[in-house]
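Here's a quick briefing to read alongside the model. Have the viewer open and follow along.

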Amino acid sequence: MRRFQTFQDLFKRYRRPGDLVFASLFCLFAIFLLVMLPYETQWVKRTKLFAQPAFWPAVSVGAMALFGVLHLLGALASERIPGRGAEVLAWMKSVEYALWFMAYVAVVPIVGYLAGSILFACVLAWRLGYRSARWLLTAAGFAVVVVVVFKGLLQVKIPAGLVYELLPSGALRTFLMTYL
Amino acid sequence: MDALLSGLDMLARFDVALALLIGSIGGVIIGAIPGVGPPVAIAILLPATFSLDPLVGLVMLLGIYGSSMFGGALPAILINTPGTAVNALTTYDGHPMTERGEALRALGLAYGASFVSGILSIIALILFAPFLAKIAPMFGSREIFLAALLGIVLVILAHRGQTFAAGMLAAFGIFLGTVGLEPVKYTQRYTFGQDWLVGGFDLIVVVLGLFALSQAFQLLSGEDSAPDAQPIKGSMLRAIGEVFRFKRLAAVGSGFGVLMGMIPGVGEFTAQFLSYTYAQKTSKKPEDFGKGSPEGLVASEAANNAVPAAAMIPLLALGIPGEALTAMMLSVFYVHNVTPGPGLFQNQLDFVYALYIAMILLNVIVVVFMCFSSNLLLRIIRIPTRFLGLTILILSFVGVYSLRNSMTDCAIAAGFGLFGLILKRQNLPVVPIILGMVLGGIMEVKLRSAMARVKTPLDFVDRPIAAFIACAIVALIVLHIWGVVRERRAGLKEFEHDHDMHDTQGN
C-alpha cells in the first residue's frame, strides 16, 4: 500500500462499516430540527435579520440538513462495506459502560466520593476480567489516589456523601466531609 | 523588553513553577500512553484549573499540550503505535529504525528535533509579538467574524474524503452553541420546554463527553491488549545531540510548524507534510524515506512540536482557537473573565510573554526528564487497554461532576461519550463539533455588532484585512473543489491509500 501520495491524502478519511446507518440517523435528526425551527425559535419584531434569535439556529440547522443530505447521498452511492449489523451491535454494547458511569454518578452522593470510587473501580475491574487480588488492589489504589489528589489536594467541588451524616459529629466526620 | 522582564517576574512563583513541572511531566506520561492523549487529559483537568489563578491553570494545560508530543514519539518509535494523533508520521521512519536496532538513535533524534523546534518556534514568536500587538487592534468585529468563519471553513476542508461529514458536524457544533436561553432578546432556542436545556450545553461537558468518555467507552468495549517494548540502552543525551547534524531540517520544520500552527484548523498535519516533503526532496537518499530515514524522522518531529506555540497566536491575539486544545483553553480565560483578543496583546503583553517563556521552560524540563525516563515510561505504557478505560472513566467523573455537581451534566456527557464513540468508530472527526461550538458563538456576537455599521454587503469587506480574509475563504473553497476534480481525474483507487492515517484518539 502506498502510504501517502498527494497532499490531499494526508487529510483523507475513509468510510467504515455502518456509515449508511449513521448518515441516515444524522440526516433524520437534522431534518427533525429543521422542521422544529419555527416552533423552537422566535422571530422578534423590529429586529434586523442578523440580530434575530432565530438566525444562527436557522443557519446551523440548515447547514446540518444540507451537509447531512449530501453525506447520506455519498453513503448511498458508495460501495457497501460488509459488517453493518455487527457495527451497530458494537454501538449498542458500549451503552453498558455509559450505564456503569451513571451508576458511579448515582452512588457517590450517597456513600461518599472515596467509598464510591473504590467500590466502582473494584466492581468494574471485576466485570472487565481483572479478578486477581493484584488487579483489584491496583484498581482500589488508583481510586484512592484520584480522590486524595482531586478532593484532598485540589479541593474540587464534590459534595460529601449522605453516609457521612450518620457519623458522630467531631473531627473525623469533618475531615471525611472536607477531604474524602 | 520591559514586558519580557515583567513576564519573567510573573513566572517567578512557586505555584506557577509547580504547575509547569506537573504539566510538563504529566504531559509526557499522558502522551506516551496510547489511548489517552492530551485532549483527554486537558478535558479532565479543565474544571480543576478553574479554581486556580489563570496563569497557573494555563501553564499547567500548556505544559500538557506542549510536552505530550515528546511522550507520543516513544510508542510511535518503539511499538509502531503513535501516542498522540500527530505522531502518526513519526512511525513511518521511527519504527523501521527500531526494527534495525537503532531505537536509541531514533528516540534521541525525535526528542532532539522536538526540543530544537519547540525552542526556535517560541523565540520566533517572542520576536513576533510586538508586531502582533500592532496588527491585532486592526481586527474589528467583522475581521474577527471572518477569521472565525475561515477557521470553520478550514476545519471542514481539512477533512478530505469526509468533507460533508465534517461540514454537518461543524454545523452541529454551531447548533449546540445556540441551544438554550439567548442573552440578547431572552428567547428560548430549541429547549423543547425542558428546564435542563434552558442553560444550554456547557462546552466542558460536551468536551469531556466527546474526548474523555468516548475514549473510555472505546477502550472498555474493545479487545484487551498490553503493548510491550524492549528497554532502551545507552546515553540518551548523546543521542539527542545527534539532531545538530540535521540543523537545516529542524529549522525548516520549525518554520513550517510556526506558519501552519498560526492558521486555524490546519495545524500539525500540514506542517509535517510540508516539512517531510521538503526533507525528502532535498535529501541525498530520498528512497530511504518511510523505511527508517533519520532525516524523515527529524522533519516530522520538528514540524509538529513547533505548532503548540504558534497555535496560541490566534487564541491570544484574536480570541479564536484553531483546534480543540486551544478551544478548551479558551474556557479557562472565560472562567477568569480574561478576554483574549486584540486588547490582550496591547495591554497585557507581559502575560503573553509569560506564557511563551513558560513554554521554553517546559521544553527544557521535558528534555531533561526524557534523558533518564524512557525506560520508566515503557513500564507505564504497558497498562492493559481496558484497565486504562476504567481509569479514564474514574477521572472523567471528577471533570464532569465537579463542574456543577449535576447528574444531568453527567448524563449529557455520557450521551456525548456514546456519540463520540460512534464518530471514532466511523473514522469521523470530533474536532469540528468543538470548533463549531466555540467559533459559532463568536461569529454570532461579532456578526451582530459588525452589521450595525454595514449598509451594503460590500461594506463588510472594505477594510484591507477583512478583504484579505474574505478572498482567502473564497480561494480555499475554489482550490478545494479544483483539488477534488484533479484527484478524480487521476483516478487513484480508494484502497491504495493508508486508511488508518487518522485512526488515533482525540482527532
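This is a predicted model: local features need pLDDT of at least 70, side-chain atom pairs count only at pLDDT 80 or more; totals for chains, interfaces and linings use all residues.

Residues are numbered from 1 along each chain as its sequence is written, with chains lettered from A and ligands numbered from 1 in the order in which they are written.

**Domains of chain A**
- Chain A is assigned domain 1 (8-77) and domain 2 (94-179); such bounds come from an automatic or database domain assignment.
- The centres of these two domains, taken over C-alpha atoms, are 41 Å apart.

**Helix α4(A)**
- Helices here are DSSP runs (H or I, at least four residues), numbered from the N terminus.
- α4(A) covers residues 113-128 and reaches 22 Å from first C-alpha to last, close to the expected 22 Å; the expected span is 1.5 Å times one less than the number of residues.
- Its buried residues include Tyr113(A), Phe120(A) and Leu124(A), where buried means that 20 or more other C-beta atoms, placed from the backbone, lie within 10 Å of the residue's own.
- Seen down the axis, the buried residues of α4(A) fall within an arc of 165 degrees, so they line one face of the helix; the arc is that of the directions from the helix axis to the C-beta atoms.
- They pack against α3 (84-111) and α5 (133-153) of chain A, along with α18 (385-404) of chain B.

**Helix α5(A)**
- α5(A) has 21 residues and reaches 28 Å, close to the 30 Å expected.
- Ala139(A), Ala143(A), Val147(A), Phe150(A) and Lys151(A) are buried in α5(A).
- Those residues pack against α4 and α6 (171-179) of chain A, and against α3 and α18 of chain B.

**Where the chains meet**
- 68 residues of chain B are in contact with 68 residues of chain A (contact: C-beta atoms, placed from the backbone, within 7 Å).
- On the chain B side, α18(B) gives the most, with eleven residues.

**The core**
- The largest nonpolar core has 222 residues, and Met64(A) and Ile434(B) have the most contacts inside it; a nonpolar core is a set of buried Ala, Val, Leu, Ile, Met, Phe, Trp, Tyr and Cys residues joined through C-beta atoms within 7 Å.
- At least three residues of this core come from each of domain 1 (8-77) and domain 2 (94-179) of chain A.

Conventions: Helices (H or I, at least four residues) and strands (E, at least two) are DSSP runs, numbered from the N terminus. A residue is buried if 20 or more other C-beta atoms lie within 10 Å of its own, exposed if 12 or fewer, and partly exposed in between; C-beta atoms are placed from the backbone. Two residues are in contact if their C-beta atoms, placed from the backbone, lie within 7 Å.
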